[in-house]
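Here is a quick briefing on a ligand site and its metal neighbours. Take a look at the model first, and then we can walk through the contacts together.

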Amino acid sequence: MSVLIKNGRVVTAVDDYFADVYVEGETVARIGKDLDVQAQTVLDAKGKLVIPGGIDPHTHLDMPFGGTTSADDFETGTLAAAHGGTTTIIDFAIQTKGESTLKGLETWHQKAEGKATIDYAFHMIITDMPVERLPEMRRLRDEGVTSYKLFMAYPGVLYVDDGTLYRAFRQAGDDGTRICMHAENGIVIDEIIREAVRDGKVEPKWHALTRPTRLEAEGVHRAIAIAEVANVPLYIVHLSCHDALEEVKRGRARGVDVVAETCPQYLLLDRSIYERPDFEGAKWVMTPALREKWNQDSLWQGLKFRDLETIGTDHCPFCFKGQKELGRESFTKIPNGAPGIENRMSVIFDEGVVKGRISLNRYVELTSTAAAKAFGLFPKKGTIAVGSDADIVVFDPDAKRVISKDDARTHHMNVDYSAYEGREVQGWTEAVLSRGRLIVKDGSLVEKGGGRFIRRAGVGELLR
Ligand code: URP
Ligand code: ZN
Ligand code: ZN
């Protein structure tokens with residue numbers, strides 16, 4: 001199998017030049033001007049960008065949560081990702097409390113096996129970690145699961161106490177792996193929620209009004225302090241606001257190994273959306289909640305000046321009908337999460353590059369390379385180089401589309417709305433290669449399936 005991508009503008013996190021890219025089998029074989037090679041498939045990329053496939057480090061496919069299950073499974077979610085220019089996801093496997101993390105991993109392998117169209121890896125969500133279970137973490141590392149997520153939020157569900165955090169952080173540090181942290185003081189938030197519900201404040205907007213940014217900042221501060229003492233690299237997930245970002249900057253300034261991720265929803269949407277009538281605000285009930293608009297400037301600054309390192313989607317879709325509606329009586333019953341896996345590359349290109357907030361190189365870094373480096377996928381993934389996996393997107397920087405929830409040109413997620421519905425974006429995925437297989441051409445699916453589990457390397461190690 002060979003593919004020649006001709007006449008494109010090749011952009012990586014550091015490079016920007018015009019060249020042909022020749023792919024043989026699963027990897028990039030040659031890059032050069034006017035390559036004199038024959039290929040089974042030739043793509044003309046004149047006027048297009050040729051960029052590394054997107055890496056989404058934060059997805060929740062087929063995840064039981066909030067009394068229901070996220071609406072995309074590994075088949076529909078990875079198909080949607082592919083259409084949107086993402087060629088690798090890192091999804092969250094979950095440990096059932098009191099059971100083995102290895103069993104949780106097995107369950108997620110079963111969910112994904114044979115269904116995915118793009119490559120995938122797993123973080124492991126730890127829901128308890130008594131001393132006797134700590135050796136499991138090294139076994140997970142050997143299985144290629146080299147990062148964990150722990151929660152200060154969702155008491156009684158995914159929440160773990162600070163002692164558990166410390167134990168897991170220590171072990172992860174010793175094993176050369178990374179901790180991902182959902183940093184929000186869920187215990188205090190639950191008290192605020194109780195007061196709101198007592199006072200009859202149950203509409204969707206109260207989801208945001210009961211989650212002050214200060215309590216996200218407190219979580220970030222605490223996670224950084226524990227990581228500093230435990231000596232483990234830390235990754236703050238879905239950072240949503242100025243206050244929390246300030247804590248990241250403080251930690252970094254004193255030398256703590258902490259990086260942070262934000263998500264398109266925090267960059268593009270704000271909490272006024274919860275005011276929509278007829279319960280529509282429920283569509284954007286996610287945690288952390290959408291914030292006041294002014295926070296967005298701080299987040300863009302953070303991306304530009306590298307206090308924010310990656311953009312993940314936190315794709316956790318629930319249909320409005322039948323799922324979000326579980327919370328008609330009270331916002332506390334609305335399943336938390338929103339769709340986004342398909343839209344990330346376009347909305348960030350439009351709001352970031354087209355609007356002049358970030359450079360093209362930084363765009364590639366934020367949507368692909370930095371996640372590859374943070375999570376042990378680089379240089380197999382996250383760049384275009386000889387020997388790297390041919391996960392390549394031909395991206396049209398001029399194409400404009402209006403994001404819809406039912407137009408098959410813009411929506412393949414298994415959910416009855418889009419978080420960005422009605423938004424016109426500039427920048428669209430035209431063709432996608434996943435390890436050398438042409439899976440999307442002219443924006444349409446060519447081939448389904450073929451995605452593989454990727455065993456990731458540890459922190460600071462290269463994956464070949
Ligand atoms: O609302 C969200 N973010 N749902 C997914 C679970 C999580 O906290 O990432
Ligand atoms: Zn979270
Ligand atoms: Zn999440």
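An oxygen atom of ligand 1 lies 2.9 Å from an N or O atom in the side chain of K149, a polar contact (a pair of N or O atoms within 3.5 Å). This is a predicted model, in which local features need pLDDT of at least 70, side-chain atom pairs count only at pLDDT 80 or more, and totals for chains, interfaces and linings use all residues. Residues are numbered from 1 along each chain as its sequence is written, ligands are numbered from 1 in the order in which they are written, and side-chain values use heavy atoms, with hydrogens and water left out.

**Around ligand 1**
- The side chain of H182 has an N or O atom 3.1 Å from an oxygen atom of ligand 1.
- A polar backbone atom of G337 is 3.3 Å from an oxygen atom of ligand 1.
- Of the 270 Å² of accessible area that ligand 1 has on its own, the protein covers 100% (Shrake-Rupley method, 1.4 Å probe).
- Ligand 1 is surrounded by 14 residues, and K149, Y154, T287, D314 and N336 are the closest (a heavy atom within 4 Å).

**At the zinc ions**
- The zinc ion (ligand 2) is 3.9 Å from the zinc ion (ligand 3).

**K149 and H182**
- Both K149 and H182 are buried (under 20% relative accessible area, 1.4 Å probe, protein chains only).

Note on methods. Donors are N, O and S atoms within 2.8 Å of the metal (3.2 Å for Na, K and Ca); water is not among the atoms, so sites may look incomplete. Buried means under 20% relative accessible area, exposed over 50%, partly exposed in between (1.4 Å probe, protein chains only). A polar contact is a pair of N or O atoms within 3.5 Å; within protein, one must be able to donate a hydrogen and the other to accept it, and residues adjacent in sequence count only if both atoms are side-chain atoms.
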